[in-house]
Amino acid sequence: MGGSDMSTAAIVGAGVIGLSWARLFAEAGWQVRVSDPRPDLEEIVDSELAGLPVTAFGDLAEAARGADFVQENGPERPELKKQIFATLAAVTGDGVVLASSSSSLLASSFSEGNPAADRILIGHPFNPPQLIPLVEVVPSAATAPAIVDRAVEVYRSLGRLPIRLKKEIPGFVGNRLQRAFNNQAIYLVQQGVISPGDLDELVKASLGIRWATIGPFESMQLGGGPDGMLHLLQNVGAEMNYSLGEPDPAAYGPVLEAVDTTFGAGPEAYEANVRRRDRRTRAITEALAASDAQAQGQD
Ligand SMILES: NC(=O)c1ccc[n+]([C@@H]2O[C@H](COP(=O)([O-])OP(=O)(O)OC[C@H]3O[C@@H](n4cnc5c(N)ncnc54)[C@H](O)[C@@H]3O)[C@@H](O)[C@H]2O)c1
């Protein structure tokens, strides 16, 4: 798998997510075949993945035939994913993982009736997959446990952190948490409590740093002091019984305007913001890895 024996990964779809996976696999020593009907595929691969062992294919079946691992990143359309996975089933062999990056579709929604349903699962990254370590591995009820094991092993070998969900649920875990949080952020701006810029500063200086180091459950355990989470729930938690409210979709306008004014809009602002995001994300993941390596066994 990967490395010296030069396994082949087929990357289906060369958009934002597909190109990032292609780089990850190629840098980990895989031969990569990228398939996408976009007419500029060759140019994109040449410019964005220059120097890496990546080949462009217009034809899906040709790209995936005989591949050792498939990561699908096409548009979020169930009918199209059904077609793509029917082709993938026909041209790949037993034991080959057919993973979809889908953020919102369950594997069962496009694997039902597929002869390779036991090899189909979700391998959901966070954007950009090259920098954010998580991959949510979400099997359907039909996915074979050995296939889930294999997907976890491959993602780990790419330096990712695969987390395996016990069962399917719409939005998986990451996006469900994100949705609850983002809804409350929009609600607070709509209520005139805080501006988008200040809300972001508030989060970065508190929950953001906390959650990059310990998660919500460990935080609740520590928040209760030596008596742990139960003490937190009975003490501070007992007064946190207000209702949260929901954002009003009919009143997104002023929120969007404020976000544009604060963070900029258009291609130039996008490029600059992406560069800053990537630099800062890398700074945190690298610093944490270095600190953990240094502290090994000492905490
Ligand atoms: N963008 C994100 O933040 C994000 C994060 C995690 C997961 N995802 C998931 O990744 C997948 C891709 O999202 P994206 O943001 O990269 O979209 P995108 O629009 O940037 O890319 C989709 C690509 O699929 C190509 N395509 C169209 N038909 C195809 C076909 N028949 N075969 C192969 N390729 C085809 C398109 O030409 C396009 O290049 C989606 O399932 C999405 O839910 C996206």
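Visitor: What share of the contacts in the protein with a separation of 6 or more is made by residues 24 or more positions apart?

Guide: A contact means heavy atoms within 4.5 Å. In this protein, residues 24 or more positions apart account for 64% of the contacts with a separation of 6 or more. The model is predicted: local features need pLDDT of at least 70, side-chain atom pairs count only at pLDDT 80 or more, and totals for chains, interfaces and linings use all residues. Residues are numbered from 1 along each chain as its sequence is written, and side-chain values use heavy atoms, with hydrogens and water left out.

Visitor: How many helices and strands are there in the protein?

Guide: Helices (H or I, at least four residues) and strands (E, at least two) are DSSP runs, numbered from the N terminus. The protein has 12 helices and eight strands.

Visitor: Which domains does the domain assignment give?

Guide: Domain bounds come from an automatic or database domain assignment. Here the assignment gives domain 1 (3-164) and domain 2 (174-265). Taken over C-alpha atoms, the centres of the two domains are 33 Å apart.

Visitor: At what angle do helix α7 and helix α8 pack?

Guide: Axes are lines fitted to C-alpha atoms, for helices over the stretch in contact, and angles run from 0 to 180 degrees between N-to-C directions. Helix α7 (residues 174-190) packs against helix α8 (residues 196-213) at about 150°, and their axes are 11 Å apart.

Visitor: Which residues make the contact?

Guide: From α7 come Phe 181, Ala 185, Leu 188 and Val 189; from α8 come Pro 196, Leu 199, Val 203, Leu 207 and Trp 211. Ala, Val, Leu, Ile, Met, Phe, Trp, Tyr, Cys and Pro count as nonpolar, Asp, Glu, Lys and Arg as charged, and the others, Gly among them, as polar. By that scheme the contact of α7 with α8 has nine nonpolar residues, no polar and no charged.

Visitor: Is Phe 172 buried or exposed?

Guide: Buried means under 20% relative accessible area, exposed over 50%, and partly exposed in between (1.4 Å probe, protein chains only). Phe 172 counts as buried because its relative accessibility is 0%. Phe 172 is in the loop between β8 (161-164) and α7, and its phi is near 55°, a positive value in a residue other than glycine. Over the whole protein, buried residues make up 37% of the 299 residues.

Visitor: Where is the cis peptide bond that involves Pro 128?

Guide: The cis bond joins Asn 127 and Pro 128, with omega about -5°. Pro 128 lies in the loop between β6 (120-125) and β7 (134-139).
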